[in-house]
Amino acid sequence: MALTTAVPTASRSRVGSERQAARRQWWGRFALRWVVLAVLITLWQVATVAFPSPFFPQPARIFERAALLWFPGANGMLTPSMQSDVLPSLGRMLLGFSLSVVVAVALGTVIGLSRKVGDYIDPIIQFLRAVPPPALLPIFLVLFGTGDQMRVLLIAFGTAWPILLNTIEGVRSIEELKYETATVFRIGFVGRLTRIVLPGAAPKILAGVRTSLSLALILMVISEMVAASSGIGFSIVQAQRGFGFLDMWAGIVLLGIIGFLLNTVLTLIERRILGWQRSSGRETA
Amino acid sequence: MLNVSHLTHTYGTGAKAHLALKDITFEVQPGELVSIVGPSGCGKTTLLRTMAGLMRPTGGDLTFLGDEITSVPEGLAMVFQDYRGSLFPWLTVAANVKFPLAKLGLSKTDLAERVAESLSAVGLTGFEDRFPSQLSGGMQQRVAIARALAYRPKILLMDEPFASVDAQTREDLEDLVLSVKKKFNMTILFVTHDIDESVYLADRVVVLSKPPTFVVTTLDIPLSDNRDQIETKEDPEFIRLRGEVARLIRHPENDEVASPVADLA
């Protein structure tokens, strides 16, 4: 095991060329992803031009419409639809989702740490998670009315399960020896929680968060399609009912873009928290 | 500083009771490296766990610096066999070493100094920002040793620390233990099932029997302080001692002499 030998120049330049190769690979993947998307959109455009239908407008016009509806104008002012639909939607979703993350991680940690609590609660969890959250919409309407409260709670409730279950699993996967190490170094309960339990369960928790994030978008739209007066879901249904198919499609495209952006943000967060996982496998000495 | 007197431990109760440790008595003096050697399954790990305060023995006396050990005593560190399980994969090497220091109330510069000193003592300077998974097994165990060193324990317990590294690395790590012991004037209790290792490292060897376990004998190792993997192991004295330990483990002829104590337990 050569621990102290300096890194020879040859291997240093090898590292450099490796980095270059990695960069080239990254660009390759990047180009591939976007080229395929561009080709598909072009095909879509060609198809809609070749076979015109009021139900399937040209993508070029959809994007044009979307830009008109939601891009801030030259004066930097938010468009009315941005203010009345998009921002309320995002607000509900983020509020509901944050609530879900906090409650599910806290609850999952307790259940994961205590076998006994887990045994009692497990059947209830298995039952509740099996209920498709949209099916609960009527109950939530009755319980919480037609306001934002109902929508936020529905999103929170529906997205909590994947995070909860993953947190439990993540907490349970931590080896006993890690706790014993902490015991030997006289680390208390709070120290174990923040320095072993949460970081140890983080990979699982984030996997749950990723699943839940797309659920949150779905639940946001569904909850806004019923008894709502604002929101992206509301505007899509309104457009469809008024034969405004261009607006309807624009709303759908917007949802896709929002989903993509949220996922990107989550990926960045994941990279930061789980950086240690990506670097594994490269052995030295 | 560590006194073990007529320690016994029984797992389970009633008909299922299993006597693991029958009668263990020995002591560790400050600055000494005592190794405990015995056949596999003889309860070495149980013994060490009771000393670390991770479990209570069912009988006997156990004191550290005069106080009875009821929970993990202050000033004790432990290096486990399973370094993968005992290191924190989400922390860098430096952060792993820093892990036990959080509550000691050190200043930032003191902290950094201790981490740097410990890492340099185990030859890992320059690896501060790596993650454990990027290191070989031997290097990971070095991190675990550095972590224990940074804690500045009064006694260091090592539970078969080199049982899962290859032979070459093992010799390097054995020499590392000797150099660290000298440098920090450490008191070390080293558990192993490797006879050569127990003799090579120790000032004193405690030889254990098959379970139910008792101390067959305690051997002083009068080898020089400057030990060398090749020369020391060629030394006729070393060869005689390792032979004696091996014989004692295999045929503990004083079996009957040592057992009456068990009747008291």
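In this predicted model, the area buried between chain A and chain B comes to about 2,900 Å², and carbon and sulfur atoms give 64% of that area. The contact brings together 25 residues of chain A and 37 residues of chain B.

**Polar and charged links between the chains**

- Between chain A and chain B the count is one salt bridge, and A:Glu180 forms a salt bridge with B:Arg49 in which the closest N and O atoms are 2.7 Å apart.
- Six residue pairs, both residues at pLDDT 80 or more, are in polar contact between chain A and chain B.

**The side of chain A that touches chain B**

- Helix H7 (176-184) and helix H8 (189-225) of chain A are the elements that give two or more residues to this side, and H7(A) gives the most, with six residues.
- By residue class, the side of chain A that touches chain B divides into ten nonpolar, eight polar and seven charged residues.

**Packing of H3(A) with H8(A)**

- Helix H3 (residues 80-113) of chain A packs with H8(A) at an angle of about 145°, the axes lying 8 Å apart, and H3(A) passes H8(A) in a right-handed crossing.
- The residues that meet include A:Leu90, A:Met93, A:Phe97 and A:Val101 from H3(A), and A:Leu193, A:Val197, A:Ile205 and A:Met220 from H8(A).
- The residues of this contact of H3(A) with H8(A) divide into 15 nonpolar, three polar and two charged, with A:Arg92 in H3(A) and A:Glu224 in H8(A) among those that take part.

Notes: Residues numbered from 1 in each chain as written. Chains lettered and ligands numbered in written order. Predicted model: local features only at pLDDT ≥ 70, side-chain atom pairs only at ≥ 80, totals over all residues. Heavy atoms only, no water. Contact = heavy atoms within 4.5 Å. Buried area = accessible area lost by both parts, 1.4 Å probe. Salt bridge = Lys/Arg side-chain N within 4 Å of Asp/Glu carboxyl O. Polar contact = N/O pair within 3.5 Å; in protein donor to acceptor, adjacent residues only side chain to side chain. Helix = DSSP H or I, 4+ residues; strand = E, 2+ residues; numbered from the N terminus. Nonpolar A, V, L, I, M, F, W, Y, C, P; charged D, E, K, R; others polar. Axes fitted to C-alpha atoms, helices over the stretch in contact; angles between N-to-C directions. Left-handed = near helix turned anticlockwise from the far one by under 90°.
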